[in-house]
Structure formats: C-alpha cells, structure tokens
Amino acid sequence: MYTQAMDTMGKEAGDGRKNVRSAEEMQLEERFDAQIDAGNFIEAKDWMPEHYRKTLVRQISQHAHSEIVGMLPEGNWISRAPTLKRKAILLAKVQDEAGHGLYLYAAGETLGTSRDQMLDALHSGRAKYSSIFNYPTLSWADVGAIGWLVDGAAIMNQVPICRCSYAPYARAMIRICREESFHQRQGFEALLTMMQHGTDAQKAMVQDAVNRWWWPSVMMFGPPDDESPNSAQSMRWGIKRVSNDELRQKFIDAAVDQAKVLGVTLPDPELRWNEERQAHDHGPIDWSEFWRVIAGDGPCNRERLAARVKAWDDGAWVREAAMAHASKHEPVRDAA
Ligand code: FAQ
C-alpha cells in the first residue's frame with residue numbers, strides 16, 4: 001500500500017470521523033498504486049495522492065534551489081580563474097547550473113505550485129537546499145574538487161532520478177545528467193592537470209581542497225537509511241530508486257579509484273576494501289555536522305541565503321519590466 005501517509009493526513013467527515021475517503025478517491029488511489037507497481041510514469045495531468053504531490057514539490061524545489069545556490073561557491077572564482085580556457089569552462093558550467101534550476105522549477109510548476117511560491121520558501125528559510133553549498137571555496141583547487149566530488153556525488157544521486165515515477169521530473173533529469181557528467185570530468189581534469197604538471201604548492205592546494213570537500217560530499221546523499229524519514233515512502237512511490245546509503249557506497253567506491261589516478265589521499269584512514277562486501281569500508285561520518293549545516297549553522301549558510309535574497313531584490317526591476325513588456329503584447333480581447 002503506497003498511501004498510508006495519505007491516510008494519516010485524513011479528512012474529516014461530517015460526523016467528525018477522520019480518514020474518510022470517498023469510494024471514488026479509493027478507486028483513484030488503487031489505480032495510481034497499480035500504475036506505480038507496473039513501473040509506469042505519472043504525468044502532470046494524472047490523478048495523484050496529495051502526499052505524493054507534496055513530496056515531489058519538496059524534493060524538486062529543494063533540488064532546484066540547490067542548483068541555483070550551487071552557482072555561488074563556483075561563481076566566486078569566475079573572475080580569478082587562472083586561464084581564459086578555465087574561465088570559459090567555469091562560466092559555461094555556472095550557466096548550466098542556472099539552466100538546471102530553471103528546468104527543475106518548471107517541473108515543480110507542473111505540480112500546481114508557482115515559481116514565486118518556491119522561491120519565497122527558499123528566501124524565507126523554509127525550504128532546504130543541498131548542505132554542500134554551505135562550504136566555502138578557498139582556493140582555485142576547490143573549483144576542481146567541486147567538479148570531481150560534488151558533481152560526481154550529484155550524478156550518482158541523479159542518474160536513478162531519470163527513472164523517477166513522475167515523468168516531468170524524470171525528463172528534466174535526463175538533460176541535467178548529460179551536462180553534469182561534463183561537469184564532473186572538467187573538475188577531474190583540472191585537478192589532474194595540477195597534480196601532473198603543477199608545482200608542489202599547487203599539488204598541496206589540491207590535497208587541501210580534497211581534504212575539505214571529501215566528508216561534506218559523502219554527506220550529500222542524506223542521512224543513513226535508518227534515519228531517513230522520507231526514504232521508505234519515496235522508494236515505494238518510485239520517486240527514489242536507490243537508497244541514500246547505497247548511493248553513498250557507490251560514490252565512495254568510484255572515488256577511491258579516481259583518487260589513485262589523481263595521486264591524492266582521501267582523508268579517511270579507515271577507508272579500505274572489504275573483500276566480503278565487495279565494497280569499501282569507511283570511517284564514521286560526523287552526522288552532527290550534517291544536521292547542524294542543514295539547520296542553518298554551516299560555515300556559509302547566512303552568506304548564501306543573503307546572496308540569493310539580494311539577487312532576487314536587485315532583479316525586481318527586470319521582472320517588472322518583463323511583465324510590462326508582456327502586457328503590451330497581450331492579444332486584445334474582444335469585450336463582446
Ligand atoms: N542537504 O529523509 P531524507 C547539485 C534533508 S544538486 C540538505 O533522506 P529525502 C548540482 C531532506 O531534505 C544537489 N538537506 O530526505 C550541482 C529531509 O528534510 P525535509 C542536490 C538534506 O528527500 C553540483 C531530511 O534531510 N540534489 O549538487 C540533504 O528522501 C555542483 C531527511 O532526509 C538533489 O536535491 C542534503 N544533502 O532524500 C550544482 C537531488 N540530505 O525535506 C552546482 C534530489 C537530506 O524532510 C555545483 N534529491 N536532506 O525537511 C534527493 O535525491 C533527495 O531529496 C535527497 C534526500 C537524497 C537529497
């Protein structure tokens with residue numbers, strides 16, 4: 001049964017009884033569950049349980065916010081990129097993230113929420129965005145580390161969302177994943193160049209960046225499965241296809257081999273191959289840091305939110321001008 005959470009949200013019947021659903025509603029839910037069971041996609045026009053819709057609005061809007069807040073740490077380095085080539089690549093990447101945000105806001109809008117509502121939730125601090133973007137970019141190597149580790153983690157999480165049961169989200173993710181894979185490779189290549197051709201100081205800068213981005217990247221996948229309140233329902237509904245811990249493990253396994261190619265050390269002395277599990281064991285993750293960061297107390301939370309609110313306020317005149325322009329081009333309606 002996919003709709004237990006809906007049941008608990010319950011409606012009230014005329015005589016005060018909770019959890020009363022009409023026969024028609026129950027039939028619709030059964031049909032919806034059957035669609036999910038059959039692995040079919042749900043389209044915007046299809047009937048869906050209210051809790052399914054809300055879960056998608058929550059996840060898709062958080063995802064969209066992550067893309068546009070995620071422009072800030074990297075945007076910080078556009079004017080200081082070491083060569084014209086690196087500057088052009090970084091500009092294109094940051095612009096891609098804006099595009100991803102727009103695809104995702106558009107997917108969110110198909111669920112009956114407006115972009116203004118989603119952005120208001122971000123600006124007022126009610127909506128979350130990825131914990132990772134609350135960490136600072138202190139050196140040029142951080143830009144490479146974001147590409148390698150953060151985009152690497154993002155792809156690992158996002159490829160299964162291309163098969164998400166909600167079709168508009170799945171379609172948006174297909175385009176996003178294609179671009180993200182370039183992002184990951186450009187980050188890896190930037191780090192490899194520094195490790196193979198750089199000075200000792202540049203190599204040390206790469207290692208320092210990896211030391212600082214490793215654990216926050218491992219945390220990006222969300223809390224452990226047994227402490228993830230949304231996972232069970234989202235997995236049953238096919239919104240999530242692979243669990244937080246499974247994705248984290250796949251990311252760690254892939255990163256270990258890539259770190260060897262780069263010639264960097266991952267900052268986890270307990271990281272070692274476990275023959276029995278055919279996976280790497282790793283040291284304990286500091287979940288208190290994760291919960292602190294998502295509660296608003298990371299190194300850059302205030303700065304990131306303030307930057308987004310300022311961009312929104314500064315852009316007011318552009319939105320007003322666009323609306324004024326659009327109203328001039330509205331078709332004249334016949335009053336009769
Ligand atoms: N940060 O029950 P769960 C990118 C929250 S895009 C902040 O496991 P769920 C591209 C979670 O919302 C990166 N909060 O939740 C890029 C929930 O709180 P709520 C973003 C987190 O939804 C690269 C609570 O903890 N990607 O990087 C985080 O089932 C480079 C309990 O957690 C997506 O958003 C976190 N890391 O699973 C851009 C992918 N983890 O809402 C620029 C889509 C968990 O109940 C540069 N989202 N929380 O108040 C997902 O796959 C899922 O939403 C998870 C969380 C896996 C993130």
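Contact, as the word is used on this tour, means heavy atoms within 4.5 Å. The model is predicted, and local features need pLDDT of at least 70, side-chain atom pairs count only at pLDDT 80 or more, and totals for chains, interfaces and linings use all residues. Residues are numbered from 1 along each chain as its sequence is written, and side-chain values use heavy atoms, with hydrogens and water left out.

Select Pro-284 to begin, in the loop between strand 2 (279–281) and helix 12 (287–297); helices (H or I, at least four residues) and strands (E, at least two) are DSSP runs numbered from the N terminus. If neighbours within four places in sequence are set aside, Pro-284 is in contact with Trp-215 and Glu-270. Pro-284 counts as exposed because its relative accessible area is 65%, where exposed means over 50%, buried under 20% and partly exposed in between (1.4 Å probe, protein chains only).

Next, select Gln-278, in the loop between strand 1 (272–274) and strand 2. Although Gln-278 is not a glycine, its phi is positive, at about 55°, and with 47% relative accessibility this residue is partly exposed.

Now turn to helix 7, and select Asp-142 within it. Is Asp-142 buried or exposed? Asp-142 is buried, because its relative accessible area is 0%. Apart from neighbours within four places in sequence, the residues in contact with Asp-142 are Pro-136, Thr-137, Ala-209, Arg-212 and Trp-213.

For the backbone, look at Ser-131, where an N or O atom lies 2.8 Å from a nitrogen atom of the ligand, and then at Asn-230, whose backbone N or O atom is 2.9 Å from a ligand oxygen atom. At Pro-229, a polar backbone atom is 3.3 Å from an oxygen atom of the ligand. Taken alone, the ligand exposes 1,100 Å², of which the protein buries 92%; these areas come from the Shrake-Rupley method with a 1.4 Å probe.

Key:
Polar contact = N/O pair within 3.5 Å; in protein donor to acceptor, adjacent residues only side chain to side chain.
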